[in-house]
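Please look over the sequence and the structure before reading on.

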Amino acid sequence: MVIIDGFKSSFDKVDPKDIESMTVLKDAASAAIYGNKAANGVILITTKKGRSGKLTMEYNGYLAIQKVSRYPKLLGAVDYMELHNEASDNSGKQRSYSEEWIDNFRRGDDPANYPDRNWADFYFKPAVQHNHYIKMNGGTDQLAYSLSLGYMDQGGVLEGTGYERFNFRSNTNSSFWNDKLKIATNISGYAGNKLDHPYGTGYTLYRIAQMSPMVNAKMEGYGWTSWFQNDALREAGGKETTDTKNFNGNLNLILQPISQLKIEAAISYDRTTELGELYAPNITLYTIETGLNGEQTIGKNNTFESEIRQSTYNYGSLSSYATINYWINVKEDHHFKVLGGAQQGKWDNKYYRTERKRLTTNIPSLEAGDPSTQKTIIGVPKRLLYLFSGALAMTLKINICLKQMSAMMVLPNLLRGRNGAFSLLSLPDGVSEKRILSGLPSPG
């Protein structure tokens with residue numbers, strides 16, 4: 001579970017350069033307040049806030065070349081056929097490749113008719129990635145601000161893939177009445193565009209590992225062979241894109257009229273829209289059939305059906321919480337704390353997708369598809385309301401032999417008749433290695 005500035009979120013909604021601090025809650029006691037969603041731990045992220053002072057500007061950027069650093073070594077054509085013949089011998093079957101045929105590949109003087117390809121080298125190419133980040137910071141003791149803008153463009157090591165993203169974040173902090181009232185705003189968002197092969201990169205990666213090195217990819221005067229559907233689609237303008245836009249706004253108020261009383265309230269609005277499109281135009285694929293006499297026959301593969309899909313996924317949340325803390329210190333070792341709080345959240349989502357097949361012309365539009373093949377899927381909107389009822393808690397810290405122990409008891413919830421109680425006991429790290437009571441002999 002990821003919490004950013006007090007509200008549940010995710011890593012993709014924050015630029016790493018906007019992070020001020022990150023805390024990991026792993027033990028049950030510290031993560032208990034988040035319920036069963038924190039079963040695998042909680043990551044608390046605090047973003048950078050404005051600091052008083054004159055206006056300062058910061059730029060951070062880089063340019064990188066990325067490539068596949070390691071990939072399993074693939075067999076060449078000669079090794080492939082010799083091992084295939086050896087497997088046939090071991091199985092008592094007739095050999096598939098004659099020595100004369102293998103020699104044609106061994107010479108390597110006619111790659112058009114006797115290809116020997118390493119498909120990893122054929123598909124994987126170095127790609128450029130660059131990232132830019134600008135931040136402005138300044139203000140006074142009563143009003144401080146921070147504004148950041150980011151841009152990233154990452155080309156894919158597979159041609160026809162990539163990701164581009166713009167993001168922004170604006171944080172302001174205001175204080176009034178001698179710091180007794182503090183108001184903070186946090187506004188952020190991003191727009192990302194993902195480019196992929198028409199039916200995903202998984203199909204291409206599968207073929208890299210499975211295809212024979214002797215397969216002919218594209219025949220001069222004809223076109224792509226049947227193994228290379230994605231390549232033919234991409235050459236004809238086919239692609240799959242996902243445009244994502246996100247907006248998030250938080251408002252936080254802290255009122256501390258006296259040193260022992262603190263009242264805090266916050267509200268967060270988050271909305272994401274994803275627009276997806278799959279465009280697979282009309283293409284012609286070819287097959288090569290080799291007869292027993294070695295003669296090759298070229299034919300068309302007409303099994304592929306063009307199509308276009310368009311989808312919209314809209315989802316978001318509106319969350320808020322309020323807490324009241326009051327504490328009393330008795331001397332230096334005993335602390336009594338009473339707290340009350342409520343949290344409310346509403347989530348909704350809606351999904352819509354429509355598709356048509358058998359395009360009459362190669363344009364990325366639903367109108368180009370056959371109306372009789374149309375399919376429409378509508379996801380039923382969901383709205384969930386979650387209420388964490390107000391609760392009272394008392395924390396008592398007792399210093400025992402210079403080692404602190406703490407216990408917390410949560411009294412029954414006060415709203416809607418929901419009752420429950422639990423207690424927590426926390427011990428300092430490494431307590432098993434320390435002497436708790438004086439007078440005991442040292443270990444060992």
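## Basis of the description

Contact means heavy atoms within 4.5 Å. The model is predicted: local features need pLDDT of at least 70 and side-chain atom pairs count only at pLDDT 80 or more, while totals for chains, interfaces and linings use all residues. Residues are numbered from 1 along each chain as its sequence is written, and side-chain values use heavy atoms, with hydrogens and water left out.

## The largest nonpolar core

A nonpolar core is a set of buried (under 20% relative accessible area, 1.4 Å probe, protein chains only) Ala, Val, Leu, Ile, Met, Phe, Trp, Tyr and Cys residues joined through side-chain atoms within 4.5 Å. The largest such core has 17 residues, and Trp 119, Tyr 123, Ile 208, Trp 224, Phe 228 and Ile 283 have the most contacts inside it. At least two residues of this core come from each of α4 (119-123) and α6 (229-235); helices are DSSP runs (H or I, at least four residues), numbered from the N terminus. The largest share, 3 residues, is that of α4.

Leaving aside neighbours within four places in sequence, Tyr 123 touches Val 157, Leu 158, Glu 159, Thr 204, Arg 207, Ile 208, Phe 228 and Asp 231. Another core, of 7 residues, lies apart from the largest one and includes Ala 77, Met 81, Tyr 97 and Phe 105.

## The pairing of α2 and α3

In α2, Ala 77, Val 78, Met 81, Glu 82 and Asn 85 meet Trp 101, Ile 102, Phe 105 and Arg 106 of α3. These contact residues divide into 6 nonpolar, 1 polar and 2 charged, where Ala, Val, Leu, Ile, Met, Phe, Trp, Tyr, Cys and Pro count as nonpolar, Asp, Glu, Lys and Arg as charged, and the others, Gly among them, as polar.

Methods: Buried means under 20% relative accessible area, exposed over 50%, partly exposed in between (1.4 Å probe, protein chains only).
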